[in-house]
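Please walk me through this structure, one part at a time.

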Amino acid sequence: MDPQQHARVDELTRDPYPLYARARAAKGLTYVPEFGAWLVARDADVREVLRRPDVFSSANAVRGGVRPSPAALAVLADGDGLSPRGEVVITSDGLAHQRLRAPIVRGLGPARVAAALPFVAERAEALVDAFADQGRVELMEAYAMRLPGEVVGHVLGFDPADVPLVVRAGHRTEALLFRPLSEEEQLAAAHDMVALKRLLDGYVRDRYAAPRDDLCSELVTSLVTADDAEEGEPGLLTLAQRTELVAHLNNFLLAGHLTTTALIGTAFLHLLSNPDQWRMVCERPERMIPAAIEETARFDTALQAFRRVTTRPATLAGTELPAGAELLVAFGAAGRDDARYPRPDVFDITRPAAARHVAFGLGAHACPGAQLAREQLRLTLELFTRRFPSLRIAADGPAVTMRPSLIHRAPEALHLTW
């Protein structure tokens, strides 16, 4: 992708909503050459795609827009013989998807989420204590990019000392696949990704040999069947099994902390950009915090879009699509569809909750971690409204710009004061 095309993609991803509006108003689907895909922007069409995974496959769900340099690819190919790729839940379909998804759904059920909440509250308080006396904070770096990583590490049963690598490698993975980086930045990202792969491989082998009461053990032991185990040396995983499990864990980590980081950032951005709504949340937290969470997800969801590819010829919104057609299914566009939401471009936490959004997906690929993400934002808003009711966006800070991404949309930085 040349610099001019990157600049255009940056423009579209930093603020995709004008493009979404044009696509919703157009007849049929709109082809967007910058993304190499047909944009699915209307709520009804997004729901139709999500309900028909047999026709609209997830095989290309998070295909990157940038090819790393040969030097970076050489680094990524390293890693104790583990393949750079393995099947993961987000890019699989049918029975393979069901097999990979089932232990995640079980592992993130209500009981495990509830059990994690005291840890979430404790770590949230500790992070806030570190800057509470300063009168100002850059929220993304000091809080939003830290809490979700610590929480997902805790749920998996990871050593807290390993969490910084998990978080750093997650952000660098996204940057390497979607952003034009210098050679030096690409190599740094690739080295972190390989270090994370080796770390996860260690956890996989350890939990297979000696399972514990944590989600990492649940994922590992659930995905290795008795027949699989017989293929390898007794008590040891094969290289293919380790590759799949490492890829599966890595995918879980990326979804588990990057999405919640983005959701926290956009919630504060829009609540504080509408001070009357921040006041409502402070005055009636029990009622308004749940409403604020859902309105944030509808209005400016962290997961703006995933790709799909047609498995056979299909018709969508009157547009004839051949087999192999690439689609960009825009959850963010569906949330602004005036056919479903009155005044969709207005952030309004008093909006009736009857019209449910698709920000966390729908059907077979609905986000299994949605409740854990919601609970982290709920506890965060309860904490900040209690401790910083005068919170506001710093007038002397830089203008807020959004990260150029449709995968984890969030402010690049958010300077707050109180």
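**A helix across a sheet**

Helix α3 (residues 43-51) lies across β2 (37-40), β3, β5 and β8 (326-330), and runs at about 120° to β8. Helices (H or I, at least four residues) and strands (E, at least two) are DSSP runs, numbered from the N terminus. Contact means heavy atoms within 4.5 Å; axes are lines fitted to C-alpha atoms, for helices over the stretch in contact, and angles run from 0 to 180 degrees between N-to-C directions. This is a predicted model, in which local features need pLDDT of at least 70 and side-chain atom pairs count only at pLDDT 80 or more, while totals for chains, interfaces and linings use all residues. Residues are numbered from 1 along each chain as its sequence is written, and side-chain values use heavy atoms, with hydrogens and water left out.

The strands belong to an open sheet of five, in the order β1-β2-β8-β5-β3, with mixed pairing. Because β1 (30-32) and β3 (56-57) stand at the edges with a single partner strand each, one side of each has no neighbour in the sheet. Two strands pair if DSSP finds at least two bridges between them. β3 is joined to β5 (residues 305-310) by two bridges, and these strands run antiparallel. Ser-57 stands opposite Val-309 in β5.

Helix α17 (residues 370-387) has 18 residues, which at 1.5 Å a residue should span 26 Å; its end C-alpha atoms are 26 Å apart, in agreement. The expected span is 1.5 Å times one less than the number of residues. Of its 18 residues, 13 are buried (under 20% relative accessible area; exposed is over 50%, partly exposed in between, with a 1.4 Å probe and protein chains only).

Two loop residues have a positive phi without being glycine. Ala-317, with phi of about 55°, lies in the loop between β6 (314-316) and β7 (319-321) and is partly exposed at 29% relative accessibility. Arg-343, with phi near 45°, sits in the loop between α16 (331-334) and α17 and is exposed, at 52%.

α9 gives the largest share, nine residues.
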